[in-house]
Amino acid sequence: MKASESKKSKIAAPAKQNLLRSIPQVDEVLQWLTDVIDAPMFLIKQSVREELELLRQNILSGRKVNKSDLSRKKIIARVQKRLLRNLAPNFKRVINATGVVIHTNLGRSILPFSAREALVEAGTRYSNLEFDLATGKRGSRYSLVEKLLCDLTGAEAALVVNNNAAAVLLVLDTFAKGREVIVSRGQLVEIGGSFRIPDVMAKSGAKLVEVGATNRTHLRDYEGAINEETAMLLKVHASNFKMVGFTKEVLAEELVELAGRSDLLVMEDLGSGCLIDISKYGLKKEPTVQETVKVGVDVVTFSGDKLLGGPQAGLIVGKRKIIDRIKSNQLNRALRIDKFTLAALETVLRLYYDHETAVIEIPTLAMLTASPEIMGRRAQRLSRRVKKNLARKCTISVRTTGSRVGGGALPEEELESRAVVLEPLDRTINELEKALRTNSLPVIGRIEEDRYILDMRTVGDDEIPLVANILHQVFGVKP
Ligand SMILES: *Cc1c(COP(=O)(O)O)cnc(C)c1O
């Protein structure tokens with residue numbers, strides 16, 4: 001063996017062989033477990049195999065394995081632990097300490113607690129999902145939220161589908177299949193998860209006609225591109241990026257005026273779709289759905305789970321004539337909204353009848369408009385709970401940080417927040433990150449300049465004790 005190899009491997013070759021031979025057989029371990037574990041046989045076997053294989057790999061790669069690690073007691077304990085992990089649901093709660101409010105990877109918007117009852121009832125009881133209680137005849141699931149959406153947005157009619165990408169696809173498929181859609185080059189956006197406006201348009205069979213330059217598009221650019229094949233002028237809200245400097249976008253009202261002269265449709269994909277003017281709460285102005293409807297855009301689409309703060313859904317509002325045609329498109333059936341979503345969506349939409357209530361009750365809006373003092377109090381509470389016990393393992397401080405809106409909304413906005421900052425003394429920052437991420441209740445924060453940041457904007461008041469316990473556990477300290 002070369003010097004470099006023997007250095008890497010902590011176990012000499014003969015000892016390795018010896019250890020490998022001491023690994024028990026799967027059947028033997030299964031016998032040990034007969035009265036110890038109550039779980040489906042298939043899963044027990046799987047856990048035993050995985051655990052024995054891990055031991056084998058550890059020995060082969062020279063990681064430290066003792067004879068005692070192969071004892072009956074130790075192996076039973078390892079298998080039990082793995083089995084518990086294998087029995088736990090894959091889809092689970094995490095604690096979002098990233099400070100990103102609409103975190104696409106962590107489930108985007110979270111629902112108000114008041115939606116809980118509606119969700120449970122929708123799932124565990126029969127409902128009037130497609131049954132008109134007034135006439136006793138078959139009804140339509142869309143009708144359950146249509147009036148609400150019209151009241152809130154000022155639109156004549158509305159329809160909801162699975163998500164906003166589906167909404168865009170459905171509108172284009174209904175009105176622009178095999179025809180041309182004019183869109184500004186500066187608005188051909190890619191949203192996370194490689195959703196690209198041009199690609200969705202291609203799927204619908206619409207032909208994309210790009211006009212203008214990347215940074216500037218004029219009304220005359222749209223005008224020059226109109227011909228007999230044109231079906232629609234499309235405006236896409238540049239949700240997740242911001243153009244600065246020498247730029248020009250054509251206003252929706254100008255497009256409406258131009259379309260009117262040529263008998264074309266105007267569609268706007270708002271992306272986030274806000275129902276309240278968030279600039280009143282200290283955030284940057286985002287166009288509201290009401291404003292867009294008011295200038296005369298024929299059809300507007302937006303997401304349910306971005307700034308709206310509801311469940312994943314695609315909302316389509318607009319002129320009655322237009323929405324009726326979309327409703328009768330067969331594709332609709334494939335993109336339809338499910339009953340859980342509908343129940344949650346109605347609960348959230350009803351909160352918008354009063355904007356002050358919406359900002360308090362809808363978690364996404366509450367988190368976005370929370371004052372730094374609120375996050376400061378949370379940070380102090382968490383810090384107080386862990387500081388003394390963890391003193392020898394980790395430096396803990398409370399600092400000012402900046403959190404993000406996320407979900408492709410308000411990309412340059414940095415919201416002042418407060419964080420608990422961890423600098424571990426007994427391990428690397430990456431080891432700490434991994435330990436928190438792989439905990440049974442995972443905690444997801446962020447690493448910044450070799451510090452671990454727990455941004456308190458997205459951590460609930462009721463989650464502070466949980467995070468404190470998890471930190472004790474991860475550092476192996478008694479609370
Ligand atoms: C987010 C977004 C979409 C996609 O919405 P989903 O609800 O995620 O399908 C489409 N267009 C724009 C402009 C967006 O910001």
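Reader: What should I know about the numbering and the model before we start?

Author: Residues are numbered from 1 along each chain as its sequence is written, and side-chain values use heavy atoms, with hydrogens and water left out. The model is predicted, so local features need pLDDT of at least 70 and side-chain atom pairs count only at pLDDT 80 or more, while totals for chains, interfaces and linings use all residues.

Reader: How many helices and strands does the chain have, and what makes a stretch count as one?

Author: The chain has 20 helices and 17 strands. Both are DSSP runs numbered from the N terminus: a helix is H or I with at least four residues, and a strand is E with at least two. The C-alpha trace spans about 85 × 50 × 50 Å along its principal axes.

Reader: Why is C394 called buried?

Author: Buried means under 20% relative accessible area, exposed means over 50%, and partly exposed is in between (1.4 Å probe, protein chains only). C394 has a relative accessible area of 3%, so this residue is buried. C394 is found in strand 13, residues 394–403. Of the 479 residues of the chain, 49% count as buried.

Reader: What makes a residue a contact of C394?

Author: Contact means heavy atoms within 4.5 Å. Leaving aside neighbours within four places in sequence, C394 is in contact with L422, E423, P424, L425 and F475. Across the chain, among contacts between residues at least 6 apart in sequence, 74% join residues at least 24 apart.

Reader: Is E449 buried or exposed, and how do you know?

Author: E449 has a relative accessible area of 70%, and the cut-off is over 50%, so E449 is exposed. D450 counts as exposed too, at 58% relative accessibility. E449 lies in the loop between strand 16 and strand 17, and D450 has its place in that loop as well. Neither is a glycine, yet E449 has a positive phi of about 45° and D450 has one of about 65°.

Reader: How do you know on which side of helix 19 the buried residues sit?

Author: The buried residues of helix 19 (residues 429–437) are I429, L432 and L436. They cover an arc of only 60° around the axis, which puts them on the same side of helix 19. The arc is that of the directions from the helix axis to the C-beta atoms. These buried residues pack against several elements, among them strand 14 (415–424) and helix 20 (464–474).

Reader: And what about the buried residues of helix 13?

Author: In helix 13 (residues 320–327), the buried residues are I322, I323 and I326. They fall within an arc of 95° seen down the axis, so they line one face of the helix. What covers them includes strand 4 (157–161), helix 8 (164–176) and strand 10 (265–271).

Reader: What makes an open space a pocket?

Author: On a 1 Å grid over the protein atoms alone, a pocket is an open set of points where a 1.4 Å probe fits, with protein on both sides within 12 Å along at least five of seven lines; lining residues have an atom within 4 Å of a point. The largest pocket holds about 1,600 Å³ of space. Its lining has 45 residues, and V94, S109, I110, L111 and E463 lie nearest its centre. Helix 6 gives the largest share of the lining, four residues.

Notes. Points joined across faces, edges and corners; volume = space filled by probe spheres on them.
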